[in-house]
Amino acid sequence: MMKFLKLKPNVGLLSIPYSLIFIFFFFIPLTLTFIISFWDYNEYSIIPDFIFENYAYIFKDCLNFEKDICVTFKTYLSTFIFCFITWFFTLIIGFFVAYFLAFYVNSITWQIVLFLLCTIPFWTSNVIRMISWIPLLGRNGLVNDFLLSTGLADAPQEWLLYSGFSIVLAFVHLYTLFMIVPIFNSMMRIDKSIIEAAYDNGANGLQILWNVIIPLCKPGIVIGSIFVITVVMGDFITIGIMGGQQIPSIGKIIYVEMSYLQLPAAAANAVILLALTLLIIWIMTKMIDIRKEL
Amino acid sequence: MLNKKNKTYYICVFFFCLFVLFLYGPTFTIVLLSFQGPDGGLTFPLNGVSTYWFEELWRGGSVVDIGSAFKRSIILGVIVMVLTVLLSVSAGLAFRKKFWGSDTLFFATVASLIVPSIVLSLGVALQFRLLDDFTKWLGSTFDINYINEFFQTTLGMFTSGLGAQLTWTLPFGLLIMFAVFNRFDKSYEEAARDLGATPWKTFKEVVFPLIAPSIIGIALFGFTLSYDELARSSQVMGAGNTLPLELKGLTTTVTTPVIYALGTVTTFVSFSVIGISIVCYIWLKRKRG
């Protein structure tokens, strides 16, 4: 062992086990998904073939403009809307939390403690964090109790839970951290003397924020946005639980098709979802070089 | 200056406190509700105080076999943790220099974090299904008795489930290693090398103690992310479900605080692991300093 290492070992070889995992559980599965999206299937098995039916089926009725918008486009539209609203709120909240941590907390120890405070929920169960909204938002939940007792509402509000509202709320609750971390990281790299210079030249707080801090945080904002948008794009669990299994999403279509063993159909949907996600990321990464940001 | 304690400062403090309340408040309510009496329901008001629902959970009561799901989750979590540490630390060391395929591997790492989990889960499920078909074909073609009689599926917690979870935990591990080595002072290492230490010895005596606290961080990510992982493993766990998968099923069927009791227990496990990690981290940092 010692002797082997003395012979100028090629350190690159150390990446082999890591690479093998990614070849076997990332490259091959995604390639197979692409291939199988062109296969045929029946109730029992998937049949090697080269057909476009799986894709055609997804967009069946979509080019018929006389009818209402097709189910596929409706689902995509609804998912995009969730993406956008979630992105908006996580960005605003994440930015200001990071801003507070980076610029208003002076001691490094406190910075770490408060940062950890924001991070710890990320290491706990998402499902638990979702169901923990039930006692608050449910028909007899705390929020409704409050609304009824103060007379702000005269009947329990049904839209609080198992609705688009609760879905967005859960997304923001679960994923704001994805914005905080990269934005905080960008902010910590800002040279404080730049801010002082702006201040000395008479810029007020708002001007510094808008003209100095936000432009310098752009990489962090982009990375955070990529995380949030991709995680919402492919979601089926949060939308399932918080939407009371009533609201469609792209991820849920795939999930349902899999449970009926319509694997090639699911694969076709997965390919489209992946292509869309990559397109969004590609557009966003045009703005920055991720590798420099670590 | 920005750090003056003016009005904006207090607004920011207030905002931050609200955010923390938003993060922890709901979890706190279910912990509270899990300690209700036997008449308790899913919402407030609290009906008495007891540990009834924990006993109910312990007995198994109306719920599926939570005990074994819990055990499975812990075992898988530990395995994922160990593999995440070993593989991402070694890959992190490799990445300090450019090597053949390093750009592709980096791309795969980032891509794996952002590829929709359901897509990856589907891919792995398809792969193992084909593997099953292939194994069965082998069995019937070459008349291999063992396969024909006993083989059921290659899909399972420690095959496809483990792999799918690793595609989620490894990127975090590697990115932490990147962050560590970007700030790493190479002069210690060079000094060791100049004094004639072998690469292995340099790693063991110099590099490892320096990165040890960060390795705790990687271990924390490895365990907790596996322990709570749901989307990627949803299609590939085979026969035995992990705790999060059981929990997801329970959200639609269980209507008693037993689910809150379960939530309290898993949250407690997560918090213990986080607490232990933080203590270890601080201890290692102190020891080094």
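Here are some questions and answers on the predicted model of chains A and B.

User: Glad to start! How are residues, chains and ligands labelled, and what pLDDT do side-chain atom pairs need to count?
Analyst: Residues are numbered from 1 along each chain as its sequence is written, while chains are lettered from A and ligands numbered from 1 in the order in which they are written. This is a predicted model in which totals for chains, interfaces and linings use all residues, local features need pLDDT of at least 70, and side-chain atom pairs count only at pLDDT 80 or more.

User: Why is chain A described as more spread out than a compact globule, and what is its radius of gyration?
Analyst: The globule rule is 2.2 Å times the number of residues to the power 0.38, and the radius of gyration is taken over C-alpha atoms. The C-alpha trace of chain A spans about 80 × 70 × 40 Å along its principal axes. For 294 residues the rule gives 19 Å, and chain A is well over that, so it is more spread out than a compact globule, with a radius of gyration of 24 Å.

User: And what about chain B: how many helices does its secondary structure come to, and what is its radius of gyration?
Analyst: The secondary structure of chain B comes to 0 strands and 11 helices. The globule rule gives 19 Å for 289 residues; chain B is well over this and so is more spread out than a compact globule, its radius of gyration being 24 Å.

User: What percentage of the residues in chain B is buried?
Analyst: A residue counts as buried if 20 or more other C-beta atoms lie within 10 Å of its own, as exposed if 12 or fewer do, and as partly exposed in between, with C-beta atoms placed from the backbone. In chain A, buried residues make up 40% of the 294 residues. In chain B, with 289 residues, the buried part is 42%.

User: Which helix gives the largest share of the side of chain B that touches chain A?
Analyst: Contact means that the C-beta atoms of two residues, placed from the backbone, lie within 7 Å. By that test, 79 residues of chain B are in contact with 80 residues of chain A. Elements giving two or more residues to this side of chain B include α3, α4, α5 and α7 of chain B. The largest share, 14 residues, comes from α1(B).

User: Where is the kink in α1(B)?
Analyst: At 1.5 Å a residue, the 28 residues of α1(B) should span 40 Å, and its end C-alpha atoms are 40 Å apart, which agrees; the expected span is 1.5 Å times one less than the number of residues. A bend is the angle between axes fitted to the seven residues ending at a residue and the seven starting there. Among the buried residues of α1(B) are B:L23, B:P26 and B:T27. The kink, about 40°, comes shortly before the proline B:P26, at B:Y24.

User: Is B:D132 buried or partly exposed?
Analyst: B:D132 has its place in helix α5 of chain B. Beyond neighbours within four places in sequence, B:D132 is in contact with B:T153 and B:T154. With 15 other C-beta atoms within 10 Å, B:D132 is partly exposed.

Note on methods. Helices (H or I, at least four residues) and strands (E, at least two) are DSSP runs, numbered from the N terminus.
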